[in-house]
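This report is written for a reader new to the structure. Please look at the sequence and the model below before reading on.

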Amino acid sequence: MFATLSDRLTSTFKNLRTKGRLSESDIDATVRQIRRALLDADVAVPVVREFTGNVRERALSAEVSAALNPAQQVVKIVNDELVGILGGQSRSLQFAKNPPTVIMLAGLQGAGKTTLAGKLARHLKESGHTPLLVAADLQRPNAVTQLSVVADRAGVPVYAPHPGVASEAEVPTGDPVAVARDGVEQARAKLHDVVIIDTAGRLGVDQELMRQAADIKAATNPDEVLFVIDAMVGQDAVTTAQAFLEGVDFTGVVLSKLDGDARGGAALSVASVTGRPIMFASTGEQLTDFEAFHPDRMASRILDMGDILSLIEQAEKAFDAEEAAKMASKITSGDGFTLEDFLGQMQQLRKLGSMKKMLGMLPGVGQMREAIDNFDEREIDRVEAIISSMTPHERRDPKILNGSRRARIARGSGVTTTDVNQLLTRFESARKMMKQMGKTGGLPGMGGVPGMGALPGSGKRAGARQASKGKKNKAAQRRASVQSMKAAKKAAQAQQQGAQPASGDGFGLGANASGPASVEDLNLPPDLEKYLRG
Amino acid sequence: MINLDSPLGIAVLVIVVALLIVAVSTFFLRRDRVKKVDDAASRALRPRVDEATGETAASAIDDDAVAIEIADESSPTAAAQPEVETPEPVLGRFTRLKARLARSGSPLGAKLLAVLSRDTLSDDDWDEIEELLLLADIGAGPALDLVEELRTEVRVKSISGAAEVRALLREKLVALVGPDMDRSLNLAPQILGDGTRKPAVLLVVGVNGAGKTTTVGKLTRVLVAEGKSVLLGAADTFRAAAADQLTTWGNRVGVETVRSDREGADPASVAFDAVKQGSAAGIDVVVVDTAGRLQNKTGLMDELGKVSRVIGKEAPLSEVLLVLDATTGQNGLNQARVFTEVAGVTGIVLTKLDGTAKGGIVVAVQKELGLPVKLVGLGEGPDDLAPFEPEQFVDGLLGE
């Protein structure tokens, strides 16, 4: 079973190594794999057809046959095309010359409009605007209440003259068009410079509600109409997007629920079919979980490649800089890193969410995917329990752990002595490895890291897989880890150079310029190299 | 190069290293546990079957196991209060809903016929048929298999007419959807070992925005229409105004809602209270609504596991319904898998089937996980919840 495009392409390219040239049938096979990957990511069928057509054409052209390494070139083309469609016309919110700027939200039921209204309001408030939320969803039961609560959490005023309906069967009485119009008036009178209008969710096929949305649009003349779409949505994305494009002619797209594990092919479909830019991504349940859309990351996600940038960003949020600095020097020296530090690190890591997901984000872990899939998060609990059962002295100096101490620890943490031993052995070898890397330049400043160049070949990779089955061959497994780490670091370095200037303005109103470029030459190569070696 | 003075560089370094260590040190520590988890997951599926067979044995309560689709009680024994409205009886919903399904029909069927009526089916034609199936969210794997099978069979049996090929495709799809699955809701009051009578407990789970609360509301109306006494549990303590929404649904058919007096209360305790009050008051069915959660949020899934465990302390769960949005793509399979692992889902409610989406993902879900779709939500009206009919669903997919 191939879980990801990376895995599939790796297998497709396996035979190409000897050829060095791509024949037409090679390209057909490749294109089929790409097609399958896109379909699995829920990219709409017509979009897939067009997309693979383009890729095929470019792959057959001189561009590839002349390239030093055709296989690598094909993957680069795929990524280029994806980023091109997703971020071709990236832009920021446009504010009206004469305030208030009117932003209208539209989308299907359950897409997340009301929640997004709060997030957008909070974001705008933080960047110095004075938004007003207008409750024009008089359709869904208690939508008005929900918006008020959300507004309250965001610390933003809400204009809700009509209580809306309290139950599904109640006939909506208020006039949402009037509410929206009055809302804008209200904002003008009270000097709010942005108005966010939350409208009722509707199905694409519902003529009546679509007309209502069009009426709201006509009455308020919004500067931006944002179409909110769920990242989990399947083939219906195109139909829906087209219906809304006809109905309200939206100016931008917001992708919601991107924190799920859906691959989000809908983004590609909508961007490709409507030509409207995807502007924001909504990534969680808290009001702060809202960010500018990153086309490059989305491309990797659709293709199911690693996403080291998101990982780093999450890490930044959770880690205390000072503590991290201390830890970094300890790691460099190798000796200072104790089980106590290890425990602390692990606990901080857990704050970031699922360990499985994070491991999956590291590029180049494809060969360990099976192991990751089988990874039980509760193993970490067990490790924590073992370390917690040690005395502080033992944690600082595991060497003093003799048989009786180990037996006590095993009893205290409800595991066997073998487990304790195993943990200690692994910890020791991991520590040694880090020390080694500190010496040989696995650390900052290392010039000669070969990136993924040293990746084990296919034979060795098979070995790594077997290692995941049994407990043998730890070395191979560790080697794989080292590789992913190096790759990650390389990407991190690149991130440092490429994206550092952009990271300051957080909200990406215009920050995208550096994004695609950085991933282009940085994030991708480690993955690319893998295909060649596959 | 990573600048050691920059917090970013350090954070990056530390997290990568830490991740690495954690991975190395924990990965293969006692791998046999993984297997146990799998076992637990499959066990979660099994009891439902046992219950079903046990149920037929206990004929005393058999009459109470009202399956919605065969509910032919002519009229509901109207609820007591005068201001409370009477929901439409379940029977007869179908014709109306059928009409609505037909209205939302896409040009899929027409396209399919156009392709099939060509004299000889070339590779491209077969690709086109596959794409039509893909458009319904059936998924790349199943669509490919289906087309391959169909192709072989057409060749072997030398079928040529468009109508026959179509009929064959339909037949295959129906078989995939599994027409013989048990799609009734287990609503029998439970008699525990010590002879105490407990209400049937329904837990409704799903991702954000799938339509859980609305489904609970509609389901309540169905149950009331069947003359059952119902109590609602508003265990969605997270989303603003979710409890209000549920209470309003309940009030309209004279059903009480157990809710917490503050936002952010422990959902498990609200669910427990609901079931406890339900059994104390001799209620027939307790329906517990939960907060939407994405299946990859470990913390929230643990919370759901706790809800289901804690309810089990008062009375065993009769049904766990996963609400799945018909617009959901391939992620639906993941959702079903994870929710089943955590909460032991026993059936699926497919909502928003009145749009252009066909909900083809349930084909894969039923096939891979053996979870039957039990109900479908077909619109915004309060009585637009109907039993799932495989044949009709397939006709919808093929755009009859």
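## Chain B overall

The model is predicted. In it, the accessible surface of chain B comes to about 15,200 Å², and carbon and sulfur atoms account for 52% of that area. Chain B has 400 residues, of which 60% count as buried.

Its secondary structure consists of 14 helices and 10 strands. Among the contacts in chain B between residues at least 6 apart in sequence, 76% join residues at least 24 apart.

## A helix pair in chain B

Two packed helices are described by the angle between their axes and the distance between the axes. For helix 8 (residues 212-225) and helix 9 (residues 242-252) of chain B, the axes come within 9 Å and cross at roughly 15°. Angles under 35 degrees count as roughly parallel, so helix 8 and helix 9 of chain B are roughly parallel to each other. Their crossing is right-handed.

Residues of helix 8 of chain B that take part in the meeting include Thr213(B), Val216(B), Lys218(B) and Arg221(B). On the side of helix 9 of chain B, the residues include Ala242(B), Leu246(B), Trp249(B) and Arg252(B).

## Aromatic pairs

A search of the whole structure finds 5 aromatic pairs over all chains. In one pair, the rings of Phe227(A) and Phe250(A) have their centres 4.7 Å apart and their planes at 20°, so this pair is stacked. The pair links distant parts of the chain, with the two residues 23 residues apart: Phe227(A) is in strand 5 (residues 224-230) of chain A, and Phe250(A) is in the loop between helix 10 (236-248) and strand 6 (252-256) of chain A.

Both Phe227(A) and Phe250(A) are buried. Ring pairs also bring in Phe244(A), linking Phe227(A), Phe244(A) and Phe250(A) into a cluster.

Conventions: Residues are numbered from 1 along each chain as its sequence is written. Chains are lettered from A and ligands numbered from 1 in the order in which they are written. This is a predicted model: local features need pLDDT of at least 70, side-chain atom pairs count only at pLDDT 80 or more; totals for chains, interfaces and linings use all residues. Side-chain values use heavy atoms; hydrogens and water are left out. Rings of Phe, Tyr and Trp (its six-membered ring) pair if their centres lie within 6.5 Å; planes under 30 degrees apart count as stacked, over 60 as edge-to-face and the rest as tilted. Helices (H or I, at least four residues) and strands (E, at least two) are DSSP runs, numbered from the N terminus. Buried means under 20% relative accessible area, exposed over 50%, partly exposed in between (1.4 Å probe, protein chains only). Contact means heavy atoms within 4.5 Å. Accessible areas come from the Shrake-Rupley method with a 1.4 Å probe; for residues, only the protein chains shown count as cover. Axes are lines fitted to C-alpha atoms, for helices over the stretch in contact, and angles run from 0 to 180 degrees between N-to-C directions. Angles under 35 degrees count as roughly parallel, over 145 as roughly antiparallel, 65 to 115 as roughly perpendicular and the rest as oblique. A crossing is left-handed if the near helix is turned anticlockwise from the far one by less than a right angle, and right-handed if clockwise.
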